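Reader: I'd like to go through this one with you and ask where the labels come from. Can you put it up?

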Number of protein chains: 2
Amino acid sequence: MSETLHPWKYIKDQIELENADSIKHYLDELEANDVAAAISHLDSDERSKLLSLLTPEDAAELIEDIPWLRALHILEDVNAQDAAAIIHEMRSDEKADFLSEMDEVDAKAIIDELEAEEAEVVRQLIEYDANTAGGLMITEFLAFEDSQTVGNVVKNLGENAEEYKKYNLQYIYVTKNDLFEGVLNMRNLLLSKPNTKLSSIVLKDALTVKDHMPLEGLIGFFDTHDFYGVPVINDFQELKGVVLRKDLREAQNEQVTTEHLETQGIVGGEELRTMPVWLRAKRRLSWLSVNILLNIAAASVIAVYQDTLAAVIALAVFLPIISDMSGCSGNQAVAVSLRELSLGVVRPFEMARVWVQEVSVGLINGVVLGTLIGAAAWLWQGNIYLGLVVGVALMLNTIVAVSLGGTIPLFLKRLKVDPALASGPILTTVTDMLGFFLTLTFAGWMLERL
Amino acid sequence: MSETLHPWKYIKDQIELENADSIKHYLDELEANDVAAAISHLDSDERSKLLSLLTPEDAAELIEDIPWLRALHILEDVNAQDAAAIIHEMRSDEKADFLSEMDEVDAKAIIDELEAEEAEVVRQLIEYDANTAGGLMITEFLAFEDSQTVGNVVKNLGENAEEYKKYNLQYIYVTKNDLFEGVLNMRNLLLSKPNTKLSSIVLKDALTVKDHMPLEGLIGFFDTHDFYGVPVINDFQELKGVVLRKDLREAQNEQVTTEHLETQGIVGGEELRTMPVWLRAKRRLSWLSVNILLNIAAASVIAVYQDTLAAVIALAVFLPIISDMSGCSGNQAVAVSLRELSLGVVRPFEMARVWVQEVSVGLINGVVLGTLIGAAAWLWQGNIYLGLVVGVALMLNTIVAVSLGGTIPLFLKRLKVDPALASGPILTTVTDMLGFFLTLTFAGWMLERL
């Protein structure tokens, strides 16, 4: 069948035919990657039409299968009423993720379409930073006042079994005057007489986390405690939600990805090729335009030494090599530092220790690379002094680049500047300048021998 | 207390004093990150001594808390007998991970110290590729022959409750003549008479995966099926293990990290600063030394045009800028392609599609950056033709760099070359050469006006 070869063509046709049933069945058969790949072939009109053909529930399921940022753009494109119906079907943390990242006007229009109670919960959730307990928690949890009886709770569970199925029911919480009190043990619940008050069987030593606890703290918490989830309370001891272990791992994964893309100059940490061309170009340019200014500043060092360069034009061949190789060596050290920072095996204040660890690698690699480039220069021009100039310059510059590369991320972290985004440009500017300066200064000293 | 400020100093002292109990209690109190940070301050003798002071069980727990590669090096340093005792306490997939990455002689010595049955299992496991079902599965599962009765199974479960606690007991499997037959529903097990044969209550439509299924396939499987784990069979239908959903997520996380480090030139995808300096230097050099050769090749273009450059020495200022900026623009596109490849929203054969999507971004950014650099050149030298030469060169080179950057990872993937490791060096070599060529050729055409 041709549709198995090109799922998107088949889906395109069915959207054209407004054939809701066959689309639904076809999507159900596909694996998540294939769904994502197929949707990426549709244009924005087709995507909006696809969502309107599906029920809100099916549309929410589809949204889950496609990359987050694309899903966001699709939701922004449909009308507020349809978007609200789809968002209503999502888990609380996903609702908040989408609405807090949307254009504010779009988000407000959608929230206004939600029921009052749901809208209120969402408004509270989007106030939290994404990488805090409040931003990561779900609000689907069960809590009963401690004045309730076991009988009431069991009855309630039975009556709402269908609805509660959607919840991740590992724990039942108990509140007292609306403040968090503790957790119920399922076995105690089942083995107690119906008229027992929850206050007499609640376990009061339950651990909680505060809603503003950052991701790193939560990772530490779940490393130490073997729980599926932990209740989240605010400063007034009110129970606000539950952070699940599995959602944490996802958040961590996202953080690694974002960091990676940022080191390569993708500001904002995510880009998909279905985003409008102008937006993609603008986002990339925001990083490139800073970079070109830094580049011009670095290259101005060459301008200062034009006379030296004019006297020994062969040096012009080596300047880009020295600049590029120092950047590569330094960025290796940056990558290791970013990794060690996120693993927690190095702390921002340990700059001296990292410097010592890097300078020895820089020394070895500087000697090797300097010798290589020096030998190449000597062989090419038959002038050992040229070899010495470029070899020693690359050697020294590599040592500086590697030890700086190791420490800059720690330094930026201390200054609360995003090390993934800024380390590379700062490093290469400094090492470019120094590389040009060393090469041309050494050349100036030896001018009559070159 | 001073030890809360510097846990590693306290641990160092206690190792010196051979104070096993206080180390054990102290480590229990620390969170995993802090344990990892503390261990990174010990030298290799202290680490070996620490492991020998702890029971194998505690040592295995400690190993879990520290970064994988460091743990590997620590295990390599202790004697085979101690290492075997520690490895015996680990989960099967971790045993295999460590032993397959170790020096072969070390691994053999340790396996020889294990009991015959355990050694046999480990030998089988290390044959699998790490990112296949066989490499990711655990062998701690429960399976009974279908000729057994419900009574026997329940009795066996009761008698071995303590041991089975260590297993992830979501499923009980049934075999027939040692071949996989199906899965038991716990409810059926509890509600059946003791003399019922398993063959009459086994669910035979259970889904399985083959042991050589790659990570991508498993991710697809778990996206479609809401299971905790899936049984793994070999080509003969023998049940070999279970892949758990949670282990998959970890493997995926590792893959993202490895890819990131590789794009920055960390070959092998992981480096920790506690590795010996020579090893770190060598690993980084293996990538740098290829890069310097590519750099020399690219810069040789400048050598060809030395006369043009000597005539307009100001151009030497712009060559490193053009080389660096094209690299940055191209690497942004590389990063997006690597990301889209791993998300599965783009396939290796879709090079034409990606090219079209990138060339428009390249065009916009090329015009902007080319105008910027052209204006800078014009202002600096008061010569509009110099501005034209460098501006147009950077513009064209940016368009090529961006569209190449988007497609190279797909092309390398088709050739089965690791795109994370090779895309950057290939891209920058091509765009450096082209950048130098364009700038110096245009300058040659306009020589009398510059």
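**The contact and a buried leucine**

Author: The contact takes 70 residues from chain A and 71 residues from chain B, where two residues touch if their C-beta atoms, placed from the backbone, lie within 7 Å. This is a predicted model, so local features need pLDDT of at least 70, side-chain atom pairs count only at pLDDT 80 or more, and totals for chains, interfaces and linings use all residues. Residues are numbered from 1 along each chain as its sequence is written, with chains lettered from A and ligands numbered from 1 in the order in which they are written.

Reader: Why does Leu394(B) count as buried?

Author: The label needs 20 or more other C-beta atoms within 10 Å of the residue's own, C-beta atoms being placed from the backbone (12 or fewer is exposed, in between is partly exposed). Leu394(B) has 31 such neighbours, so it counts as buried. Its place is in helix α22 (residues 384-414) of chain B.

Reader: What is Leu394(B) in contact with, leaving aside neighbours within four places in sequence?

Author: Ile322(B), Met325(B), Leu369(B), Gly370(B) and Ile373(B).

Reader: And how much of chain A counts as buried?

Author: 44% of its 450 residues.

Key. Helices (H or I, at least four residues) and strands (E, at least two) are DSSP runs, numbered from the N terminus.
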